[in-house]
Amino acid sequence: MTQVFINGARDGLNVREFDSLDPAIQELIHAATEARKQAYCPYSNFAVGAALRTSDGTIYSGCNIENGAYATCICAERTAAVKAISEGKRDFVACAVVAQQDNGFTTPCGVCRQFLSEFVNGKDIPLYAAKPSNLPLRVLCTSVLQLLPNSFSFSNGK
């Protein structure tokens, strides 16, 4: 594997070539890429797509949706999660995020990290961050809890 410098550091072991990933992961990244095409981002021009797979194998995708009242904007990850939750699905098993950032990979913001951590049910889930182009496609392979260690949660015995 070729080491590429991103933000002054080597990619490291957690960056893989898209073609080397399991077909189920490729499918999830593809769903996020397609969702990104629906982004409504007239203010930032920063389109993001996300896709979540639930324990029954269903994929829910979402895009970021901006608004002139910035506090009402919603990220792609939360759009996908809200779609799943509103359909009764709360057991997420994987997430993919796709956005174009020249000097690195786009991972969920802090709000989305906390939001997703609410639905990982005490376990960690893999998170894949990719760009919509740049061949060969490289993917950052991480996880929700790696991105948000010691996340806030209520200990309610669930």
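Author: Two strands pair if DSSP finds at least two bridges between them. The model discussed here is predicted.

Reader: In S6, which residue is the bridge partner of Gly49?

Author: S4 and S6 run antiparallel, and seven bridges join them. For Gly49, the bridge partner in S6 is Val98.

Reader: Which residue of S5 does Gly49 stand opposite?

Author: S4 also runs antiparallel to S5, with five bridges between them. In S5, the residue opposite Gly49 is Cys63.

Reader: What is the order of the six strands in the open sheet?

Author: Pairing in this sheet is mixed. Its edge strands are S3 (15–17) and S5 (59–63), each of which pairs on one side only. The twist from one strand to the next averages 25 degrees. The six strands of the open sheet follow the order S3-S8-S7-S6-S4-S5.

Reader: In the hairpin of S4 and S5, which residue takes a positive phi?

Author: Four residues lie between the two strands of this hairpin. A positive phi near 95 degrees is found there, at Gly57.

Reader: How many of the residues of S4 are buried?

Author: Take the two faces in turn. Val48, Ala50, Leu52 and Thr54 are buried on one side, and Gly49, Ala51 and Arg53 are buried on the other. Both faces are covered. The count of buried residues in S4 is seven of seven.

Reader: H2 packs on the sheet; what angle does its direction make with that of S5?

Author: H2 touches S4, S5 and S6. Between the direction of H2 and that of S5, the angle is about 140 degrees.

Reader: How many of the 11 residues of H2 are buried?

Author: The buried residues of H2 are Ala76, Glu77, Arg78, Thr79, Ala80, Ala81, Ala84 and Ile85. Their cover includes S4, S5, S6 and helix H3 (110–117). Just after H2, Gly88 takes a positive phi of about 90 degrees. Of the 11 residues in H2, the number buried is eight.

Reader: Which element supplies the largest share of the largest nonpolar core?

Author: This core has 20 residues, and Leu52, Ala81, Phe92, Cys95, Leu116 and Val144 touch the most other members. At least two residues each come from strand S4 (48–54), helix H2 (76–86), strand S6 (92–99) and helix H4 (144–147). The largest share is five residues, supplied by H2.

Reader: Leaving aside neighbours within four places in sequence, which residues is Ala81 in contact with?

Author: Ala81 is one of the core members that touch the most others. It is also one of the buried residues of H2. Beyond its sequence neighbours within four places, Ala81 contacts Leu52, Phe92, Phe115 and Leu116.

Reader: Apart from this core lies another; how many residues does it have?

Author: Its members include Leu21, Ala51, Val98 and Leu137. The size of this other core is 16 residues.

Reader: What is the length of the polar contact that joins the side chains of Thr106 and Gln101?

Author: Thr106 lies in the loop between S6 and H3. It is buried, since its relative accessible area is 10%. Not counting residues up to four places away in sequence, Thr106 touches Phe46, Val97, Ala99, Gln101 and Ala129. Between the side chains of Thr106 and Gln101, the polar contact is 2.9 Å.

Reader: How far apart in space are Asn45 and Glu66, C-alpha to C-alpha?

Author: Asn45 lies in the loop between helix H1 (23–36) and S4. It counts as exposed because its relative accessibility is 63%. In sequence, Asn45 and Glu66 are 21 residues apart. In space, their C-alpha to C-alpha distance is 9.6 Å.

Methods:
Residues numbered from 1 in each chain as written. Predicted model: local features only at pLDDT ≥ 70, side-chain atom pairs only at ≥ 80, totals over all residues. Heavy atoms only, no water. Core = buried A, V, L, I, M, F, W, Y, C linked by side-chain atoms within 4.5 Å. Buried < 20%, exposed > 50% of the residue type's maximum accessible area, 1.4 Å probe, protein only. Contact = heavy atoms within 4.5 Å. Axes fitted to C-alpha atoms, helices over the stretch in contact; angles between N-to-C directions. Polar contact = N/O pair within 3.5 Å; in protein donor to acceptor, adjacent residues only side chain to side chain.
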